[in-house]
Amino acid sequence: MRHLLGVEAAMQAYARKFGEDEEHWGITGLVHDYDWEIVPSPEEHPMYGANLLKEAGFPDDTVRDVLTHGNHTGISRETMMGKTLFAIDELSGFIRAVALVRPTKSLSEVTPKNVLKKFKDKGFARDVVRNDIIEGAQEMGFNLGNRIAFVIGSLKPVAPDLGLNA
């Protein structure tokens, strides 16, 4: 759940930056992985959850963008919301992991430089798909270091909810 709160916060921050609907983008970030604990197999994620979202009446763009946050679905990312969701999904969790190993568990001690240093350590947060982080930055046309700084800033207001200090 903490991962989803981080993605929600980052999605809202990007919505503000792009002049989009913060609530809509935030909800999309919040629900994009909600099926992870119940999906029959990892290969079926996020298709399983997208079908449940569709049945529950979520907007078509939310359902489609949830489907595009994994490359294995073969569905191309066409919207800025979908590209943003893909770009921050792995990154927000990685930044949280970097903060958790700091002595103070504080986001104020996390910088793009130390995130990139941990990024090179393949043993650290080994489940994070680093290629998705790189590809997400490229799809959005953003410098990776600047994007890391932006996501760190977007997580600070919800740091306590993420088990961190601001």
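1. Which side chains meet in a salt bridge at 3.4 Å, N to O? In this predicted model, that salt bridge is made by the side chains of Arg64 and Glu78. The pair links distant parts of the chain, since Arg64 belongs to helix H4 (residues 60-67) while Glu78 sits in the loop between H4 and H5, 14 residues apart. Arg64 is partly exposed, its relative accessible area being 30%, whereas Glu78, with a value of 56%, is exposed.

2. The loop between H4 and H5 also holds Arg77, which pairs with Glu135 of helix H7, so that parts 58 residues apart in sequence are tied together. The side chains of Glu135 and Arg77 meet in a salt bridge with an N to O distance of 3.1 Å. Arg77 is buried, because its relative accessible area of 12% falls under the 20% limit, and Glu135 counts as partly exposed at 26% relative accessibility.

3. A further salt bridge is formed by the side chains of Arg102 and Glu109, at 3.6 Å from N to O. Both partners are partly exposed, with relative accessibility of 27% for Arg102 and 28% for Glu109. Elsewhere, salt bridges that share partners join Arg77, Glu135 and Glu139 into one network, and the count of salt bridges comes to 5.

4. Helix packing deserves a separate point, and two packed helices are described by the angle between their axes and the distance between the axes. H5 and helix H7 (residues 130-140) pack at an angle of about 145 degrees, their axes lying 8 Å apart, and the crossing of H5 and H7 is left-handed. Among the residues that make the contact are Met80, Lys83, Phe86 and Leu91 of H5, together with Ile133, Glu135, Glu139 and Met140 of H7. Sorted by class, the contact of H5 with H7 has 7 nonpolar, 2 polar and 6 charged residues.

5. Lys83 is partly exposed, with a relative accessible area of 24%. Once its neighbours within four places in sequence are left aside, Lys83 is in contact with Arg77, Glu139 and Met140. Of these partners, Arg77 and Glu139 belong to the salt-bridge network that includes Glu135. Asp60 lies 23 residues from Lys83 along the chain, and the C-alpha atoms of Lys83 and Asp60 are separated by 16 Å.

Definitions and conventions
Residues numbered from 1 in each chain as written. Predicted model: local features only at pLDDT ≥ 70, side-chain atom pairs only at ≥ 80, totals over all residues. Heavy atoms only, no water. Buried < 20%, exposed > 50% of the residue type's maximum accessible area, 1.4 Å probe, protein only. Contact = heavy atoms within 4.5 Å. Axes fitted to C-alpha atoms, helices over the stretch in contact; angles between N-to-C directions. Helix = DSSP H or I, 4+ residues; strand = E, 2+ residues; numbered from the N terminus. Left-handed = near helix turned anticlockwise from the far one by under 90°. Nonpolar A, V, L, I, M, F, W, Y, C, P; charged D, E, K, R; others polar. Salt bridge = Lys/Arg side-chain N within 4 Å of Asp/Glu carboxyl O.
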